[in-house]
Amino acid sequence: MAFSIDGIASGLKTKELISQLMQVEARPQTLLKAKAATTQGFITSLQQLNTRLGALTELATKTAKPQALDLFTATSSSDAARVTASSTARAGSLDFTVRQLAQAQSSVTDAMTRFSTDASTVTLQVAGRTTEVQTSGTLDDVVAAVNRADAGITATKVSAGKDAGGVQQYRLQFTAKEPGAENGFSVLRGTADEAAAGTATDLFTEPGAATVRTGQDAELVLWGGSSAEQVVTSSSNTFAELLPGVSVTAAKVSADPVSITVGADTEGTTKMAKELMDSLQSVLTFVAANTKVTPGATASAAPTSGRFTGDSAVRGIAQSVLSAATAPVDGRSTAELGINLTRSGTVEFDEKKFAAALAANPAQVKESLTQLSARVAEAGKAASDTFDGDLTRRIQSQESSVRSMNDRVASWDLSLGKRRATLERTYAALEVQLSRMQSQGDWLSSQLANMPSRSN
C-alpha cells in the first residue's frame, strides 16, 4: 500500500479526491456488475420457468401413456368387505359371502414354575420348517430362545396365579406371527430327530395345555347355493386380484351376499385433466407475470419491465405449449372438453363440462385428452429437455455470459487496485515536493530578512 500524506503541504483532501477519481475510473466496472446482476436475475427466472415446464412435461407424458386414463373405482355393498381397484382394474361385478376370517394360531402350556429341571431342547415346527432351540430350562430362557430363533412364533410368559402351596405359577403362550392355516405350528419337548421319530412330546397335548385359537384361512364363498359354488381362501384377510386389478379385504363374517362393483372412475379422469390444465396455467401465469410492464408509482417515475418483457424466445415457448393444449383434436375444438382459450391468452378448465363429455362418450374424450397430452409433452420437452431443450440452452448461454462478466469484473478489480496505488503514490510525492519547496522558501525568506541593509 502506498503511503499518502493527506494535504499536509497542499491543504488538499487527497484521500477524498482519490476516492472520487476512483469512482469515475470504476464506472465501467459498476455498469458491468449491474449488468451481471440483471442477467443473473434473468437466469433465475428462466430456471423457475424451466422447472414449471419440466413438471408440465412430466405430467403430460404420464397422461399420454396408453390406458393412463382408463381409471376405475370399486365399491362394496357391505362393510363386511372393503375393495380397492388398481390401475389395471377393469369394469365388472361379483357377489360372495364371507364365511370366515383369517386368524393366527395361539396355544398355551399348562401352569408351571419351570420348563424343566435342567437344560432342555425344544423343537419348533412351523409351516413345514423345523427349528431346534437350546434352553437352560427356565421359563424366561425358553421365551428368549424361541423369540431369538425367529421361526415365525412369538413366546410370552403369562402369570397364572399360585398353586395350593402358594407358589407362583406361569403359562407359556405361543402365537404365530402370521395368520393362516399354513402358519400353524407345534412346540415339542425334544430334539428335531426325536420329533421326526415321533418320540418328542407336543406341549399342547399335555394336561392343562390347549390350543386357544387355531390358525385358519379367510374364506369367501362365490356363487353360493348354485352348482358353481366355489370357496376361495387366503392366509390373510386380503384377496388380491379377486377380479383383475381388484383387491378385496374381508372385515367380518357375513351370511348376506356382498356385492362389489368396478366402474369407470370419471372423477379420477377429470382430476387428471384438471391437474394437467393447472400445470399449464402455472407456466402461462408465470410468463405473464414476468412479461408485464408495471407503471411507475408517480407520473415522473419510469415504468418497470418484467424480466421476460420483449423476449421473443420465452414468448414463443409459451405460445407453443398453449397451442398444443388448445388446438383442435381430430377436427374437434378443445372447448368440447371444457378446455377454453381466454382473451388474455390463458386457459380455463370447466370440470363439469369435461365430466359430462366423459360420461357421454368416454372413449372419444379419453382419446382426445391423450392426443392433447402427447402434444403438450412434445412441446414441453422441446423447451425443457435436460440436454437440448431450447430453454436449457438459453440458460446455459446466459450462465456463460455471467461467468464472462464476472471474470471481467475481477480483472477490473486488479486494474483499479493498481490505479489507486498509482494515484496514492503520485499525491504522496506531490505533498513531499510541496513540503520541500515550502521549507526552501522559508529558508530564503529568513536569509533575505537577515541581509544587512545599505545606507546612503
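Helices (H or I, at least four residues) and strands (E, at least two) are DSSP runs, numbered from the N terminus. The model here is predicted, so local features need pLDDT of at least 70 and side-chain atom pairs count only at pLDDT 80 or more, while totals for chains, interfaces and linings use all residues. Residues are numbered from 1 along each chain as its sequence is written, and side-chain values use heavy atoms, with hydrogens and water left out.

**Exercise 1. Describe the surroundings of Ser45.**

Step 1: Ser45 belongs to helix H2 (residues 27-64).

Step 2: with a relative accessible area of 1%, Ser45 is buried.

Step 3: list the contacts (heavy atoms within 4.5 Å). Skip the neighbours within four places in sequence, and Ser45 is in contact with Phe286, Asn290, Arg307 and Phe308.

Step 4: look for a polar contact, meaning a pair of N or O atoms within 3.5 Å; within protein, one must be able to donate a hydrogen and the other to accept it, and residues adjacent in sequence count only if both atoms are side-chain atoms. The side chains of Ser45 and Arg307 make one, at 3.0 Å.

**Exercise 2. Now look at Gly54: which helix holds Gly54, and what is its accessibility class?**

Step 1: Gly54 is found in helix H2.

Step 2: its relative accessibility is 28%, so Gly54 is partly exposed.

Step 3: Gly54 and Met112 are 58 residues apart along the chain, and their C-alpha atoms are separated by 69 Å.

**Exercise 3. Which residues do the strand residues Ser247 and Thr97 touch?**

Step 1: Ser247 is in strand S15 (residues 246-250), and Thr97 lies in strand S3 (residues 92-100).

Step 2: Ser247 is buried at 19% relative accessible area. Thr97 is buried too, with a relative accessible area of 19%.

Step 3: leave out residues up to four places away in sequence. Ser247 then touches Arg82, Val83, Thr84, Thr238, Phe239, Ala240 and Glu241. With the neighbours up to four places away again left out, Thr97 touches Glu219, Leu220, Val221, Ser254, Ala255, Asp256 and Pro257.

Step 4: for Thr97 and Thr269, 172 residues apart along the chain, the C-alpha separation is 32 Å.

**Exercise 4. Sum up the whole chain: how many helices and strands are there, and what is the radius of gyration?**

Step 1: the protein chain has nine helices and 20 strands.

Step 2: take the radius of gyration over C-alpha atoms, with a globule rule of 2.2 Å times the number of residues to the power 0.38. The protein chain has 44 Å, whereas a compact globule of 456 residues would have a value near 23 Å.

Step 3: get the box. Along the principal axes, the C-alpha atoms fill roughly 160 × 80 × 40 Å.

Step 4: Buried residues make up 37% of the 456 residues. Of the contacts between residues at least 6 apart in sequence, 66% join residues at least 24 apart.

Notes:
Buried means under 20% relative accessible area, exposed over 50%, partly exposed in between (1.4 Å probe, protein chains only).
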